[in-house]
Amino acid sequence: MSALLKVENLTMRFGGLVALNDVSLSIDKGAVLAVIGPNGAGKSTLFNVVTGVYRPTSGRVTFDGAEITDRPSYEVVDRGIARTFQSSRLFSDLSVLDNVIIGMHTRTRTGVLTALFRPGASRREMAACVEKAETLLKLGSGDLFEQRYRPAGTLAQADRRRLEIARALASQPKLLLLDEPSVGMDDMETDALVADITRLRVQNPALSVILIEHDMRVVEAFPQHVTCIDYGSKIAEGDFAAVRAEPRVQEAYLGKAVAHA
Amino acid sequence: MAELLVQQLVNWITLGCIYALLAIGFSLIFGVLNVIHFSHGDVAMTAPFITLALAQALATALGASGPAWLVLAVPVAVLAVGLIGVLLDKVVIRRFRDAPAMMALVATVALGIVIRELIRHLYPQGSNPHAFPRLVSGMAFEISGVAISWFALLVVVLTVALVAMLFVFLRMTPLGLRIRAASEDRVVARMMGIRDARVFRATFFIASAIGAIAGLLFASYAGVTRFDFGVMAGLLGFSAAVIGGLGSMPGAILGGLIIAGIEVLAQTFVPDGASYRLVFVFLLVIAVLIFRPAGLLGRTVMEKV
Amino acid sequence: MQGRASPDVPGIAAATVFAIASQIIGAAFLYLILRVDGGWQVVGLLALLGLGFYLLERLPWIADYALASFARVPLVAMITAAVIVLAFPFFVGSNTYILHLLIVAELYAVLALALNFQLGSANIPNFATGASYGIGAYVSALLAINFGVSFWLTLPVAALAATLFGFIIGIPSMRTRDTYLALVTIAFGVVVQQLLNNFSWTGGPNGLVGIPAPSLFGHSFADPLVIFGWKLPSQANFYYLSAALVVVAIVTAHRLHGSRIGLAWNALRADEIAAKAQGINVAWFKVLAFAVDAFLAAFAGTIYAFYVSYISPDNFTFLVSVTIMTMVIVGGMDNIFGVIVGAFLLTILPEKLRAFADYRLLFFGVVIIGFLMIRPQGLFPQRMRRYGGEP
Ligand SMILES: Nc1ncnc2c1ncn2[C@@H]1O[C@H](COP(=O)(O)OP(=O)(O)OP(=O)(O)O)[C@@H](O)[C@H]1O
Ligand SMILES: [Mg+2]
């Protein structure tokens, strides 16, 4: 089976800084890939390049059989890649519900003329969106549904992360990119997050997920495919146990002295 | 032909220097506060009025009118305008430092209206144009048959001196270094605690005082001033700063020269160019921003996501 | 605003009474302020207005109750509004000055609603609304004067021309933002104004004169309007025409706000990068906001040109754009009702403070700065969208 997302020889430079250095990786349909690595390794940059936020210096990204290198963000979403941001970027002055509805932008069609001259069609579309959004909000852990008319900016940290995921799912993606979804969550909330992701995969077996994580308990929950990046380069890949055993990975995480001790 | 060319060259450099001085103020303030002080042109154009009023007051108080009072009034006016700038920052502009860019923009546009209207109401017969004398008169020397005025010379020398002083100040003095640090990296500056009142005060004082000098030269160049000259002066200075790249001093100077160049070119070579000169200037502004959105010497910073 | 228990849903009877009574009180207030002639009466009415806003701020349930009532009996509310708007000139009678003020206020309301798509919904600075307004006015006036085209035909042509202009100003917005974009719009505004000032076929600084009055079914808008034996001054024609345009603008604003497009604009206002990550073609939606703004502004320009029958570049300066901006900011960005209130207040108040006539601009400047500093959300802040009749 060919990979859903294929990243080939990706390099991203910011001035003199090499944030990604010749990174290649791929993920199959329905798989979960965990990306780990120390702070500043280039993990978020990988997401940013894949989703068109940054233009890579060189390299190729292919998704679902089509090349998406250098394509604008909105087109990448339309093709089926949704993401969350490490420092959650919600539309903070809009309600929780509106945040999710905006996530459906690529799955809705109303243009100016339709909105003006066929208000019925526009209203029906919105009503359908509201219904879907409410379902999504009820689905995950937490009580986002009860808070659906709150401005997103006033949510608690864990709820913000959950809302980002709900908003990403609203575009019915084939590939979900989660950038440190457990940041700011306590242990119980993190467990609930793992349960949420697991349930998502059961409900939608075709969904692929790439997960950037620092919390090893989350990585442990999805141990089949793990990739470790350090200083922009891929230094290990395989299942969690194998990657963890790599000396270079330990070095990257613990520093040379400790690894060699 | 050569005469005309030299004459226009002198015009271009004179006007370019004046615009550059205005642009420097915009750039300096934007660099430090990340806020566009849209009324900077209006602040600058208060200088000729303050000068006139002071000279008049001195003349009536001490008798005997004459250019001597003007010479005395000019530095006082420059100082006063610098303080006006500091005051405006304290009362209005600083509240928009962390607000969306839009709000600062609209607020300072409104501030410009207020300044203009205050001049109009406070200055005797403020709605009318008022003659403003050349600060220096007479011809200095000749180049290929064209007499170069002392005024043109004054503008160039003053601009070079001010730019040099600013350069030294920003690079050599502790306060200048802090201003530069604040404009180079806001986040770092904030962490280092540079965001203190002195940096803002100094920035506004310097920008406004330089603006005042530009305003005096502008009025002197035109021979006349009016309460609403600040709009055009501000718009042209702002455009120069933006074309050059906001926050960049060399950019501000380059921008000033480019804008003045277009104006002079239009007036010299295009039939009826004088009435269309603003059209040319602003079409150029639009073109530059389409092709180089951060200005000619501006850095495009990619937002970290 | 947040997590509050649902407000008491008013009963049908209470809602009906409220919807009718509140609108009549509002109209009566407008009537009084138009009628009184300077001095203490104006001050008294202003104090009353201030008290009203203070109460609204202090007791937020009033606004919730009002909205719930209107939502409960929308038909009653709309019929009441229509009756009030239609009947207003009959109370004004032959006072053409009041009618003139109302027409200007209506046109400004349309312009403010137009700008609100950008400034309010998408937070895009646009200092060129005055220019779009001018393009609408000039295109229709030129067509009518030179080719004898009827007013009704010039309307759509002018709107299309201005929309094209809107697209053109919008294009740089794909690449520039904030301050830079503001400068681009200012530059466009200056260019348009300078061209109008310099071309000979636009009449130069003298502008265009002798724009013929429109006519409808043989009735010329220059003639008095006779309804059921009541004779209204000729301005009433334009009053009703402008009112119709305000209705069009409100419907447009309401439908776009409630659709996916309004949400996309709000999204890019809040966070452009996040908006792109939701699949929103940010550049296109910005251009769209410019186009919609120009489209509505051109309608207002056309009506203005035919109403005053004389236009010059001075009617469409940078200051006009700033005035429109003030109305949006004071009324409340992204709040349709607020923007209209802002337009009416800022048209009528300066006229009424005649003692300060010369200080009008100063007043505008101070009001903008004051609002941005003290109450940046405006008199009527934007409200969360509610769906499916939920409270
Ligand atoms: N827009 C940008 N401009 C300049 N440098 C950048 C930019 N974005 C990222 N970088 C740099 O690239 C490097 C990699 O950053 P990235 O955010 O990808 O790291 P990360 O692996 O996600 O780290 P963390 O675990 O802290 O999130 C860092 O040194 C960062 O400073
Ligand atoms: Mg990261």
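Student: Is C:Y31 buried, exposed or partly exposed?

Tutor: The model is a predicted one, and the values that follow are computed from it. The residue C:Y31 has a relative accessible area of 23%. Buried would require under 20% and exposed over 50%. C:Y31 is therefore partly exposed.

Student: And is C:F91 buried or exposed?

Tutor: The relative accessible area of C:F91 is 58%. The threshold for an exposed residue is over 50%. C:F91 is therefore exposed.

Student: How many aromatic pairs are found over all chains, and of which kind is the pair of C:Y31 and C:F91?

Tutor: The search of the whole structure gives 28 aromatic pairs over all chains. For C:Y31 and C:F91, the ring centres are 6.5 Å apart and the planes stand at 75 degrees. An angle over 60 degrees is the criterion for the edge-to-face class, so the pair of C:Y31 and C:F91 is edge-to-face.

Student: Which helices of chain C does the pair of C:Y31 and C:F91 link?

Tutor: The two residues are 60 residues apart, and their pair links distant parts of the chain. C:Y31 belongs to helix 1 (residues 12-35) of chain C, and C:F91 belongs to helix 4 (residues 74-92) of chain C. The helices asked for are helix 1 and helix 4.

Student: How many residues apart are C:F53 and C:F380, which form an aromatic pair?

Tutor: The rings of C:F53 and C:F380 are edge-to-face, at 5.6 Å centre to centre with 70 degrees between the planes. C:F53 lies in helix 2 (residues 39-58) of chain C, whereas C:F380 lies in the segment after helix 15 (360-374) of chain C. C:F380 counts as buried, at 16% relative accessibility.

Student: In the salt bridge of B:D89 and B:R94, which residue counts as buried?

Tutor: The side chains of B:D89 and B:R94 meet at 3.5 Å, N to O. B:R94 has 27% relative accessibility and counts as partly exposed. At 1% relative accessibility, the residue that counts as buried is B:D89.

Student: What area do chain C and chain A bury between them?

Tutor: The contact takes 34 residues from chain C and 37 residues from chain A. Carbon and sulfur atoms account for 63% of the buried area. On the side of chain C, C:R260, C:Q278 and C:Y387 supply 23% of the area buried against chain A, more than any other three residues. The area buried between chain C and chain A is about 3300 Å².

Student: Which helix of chain C gives the most to the side that touches chain A?

Tutor: Across this interface there are 9 residue pairs in polar contact. Helix 9 (235-257), helix 10 (260-270), helix 11 (272-277) and helix 12 (282-308) of chain C each supply at least two residues to the side that touches chain A. With 8 residues, the helix that gives the most is helix 10.

Student: How many salt bridges are found across the interface of chain C and chain A, and how many between chain B and chain A?

Tutor: Chain C and chain A have 3 salt bridges across their interface. The side chains of C:R385 and A:D98 meet in a salt bridge at 3.7 Å, N to O. Chain B and chain A bury about 480 Å², with 2 residue pairs in polar contact across their interface. The counts are 3 for chain C with chain A and 0 for chain B with chain A.

Definitions and conventions:
Residues are numbered from 1 along each chain as its sequence is written. Chains are lettered from A and ligands numbered from 1 in the order in which they are written. This is a predicted model: local features need pLDDT of at least 70, side-chain atom pairs count only at pLDDT 80 or more; totals for chains, interfaces and linings use all residues. Side-chain values use heavy atoms; hydrogens and water are left out. Rings of Phe, Tyr and Trp (its six-membered ring) pair if their centres lie within 6.5 Å; planes under 30 degrees apart count as stacked, over 60 as edge-to-face and the rest as tilted. Helices (H or I, at least four residues) and strands (E, at least two) are DSSP runs, numbered from the N terminus. Buried means under 20% relative accessible area, exposed over 50%, partly exposed in between (1.4 Å probe, protein chains only). Contact means heavy atoms within 4.5 Å. Buried area is the accessible area (1.4 Å probe) that two parts lose on being put together, summed over both. A salt bridge is a side-chain nitrogen of Lys or Arg within 4 Å of a carboxyl oxygen of Asp or Glu. A polar contact is a pair of N or O atoms within 3.5 Å; within protein, one must be able to donate a hydrogen and the other to accept it, and residues adjacent in sequence count only if both atoms are side-chain atoms.
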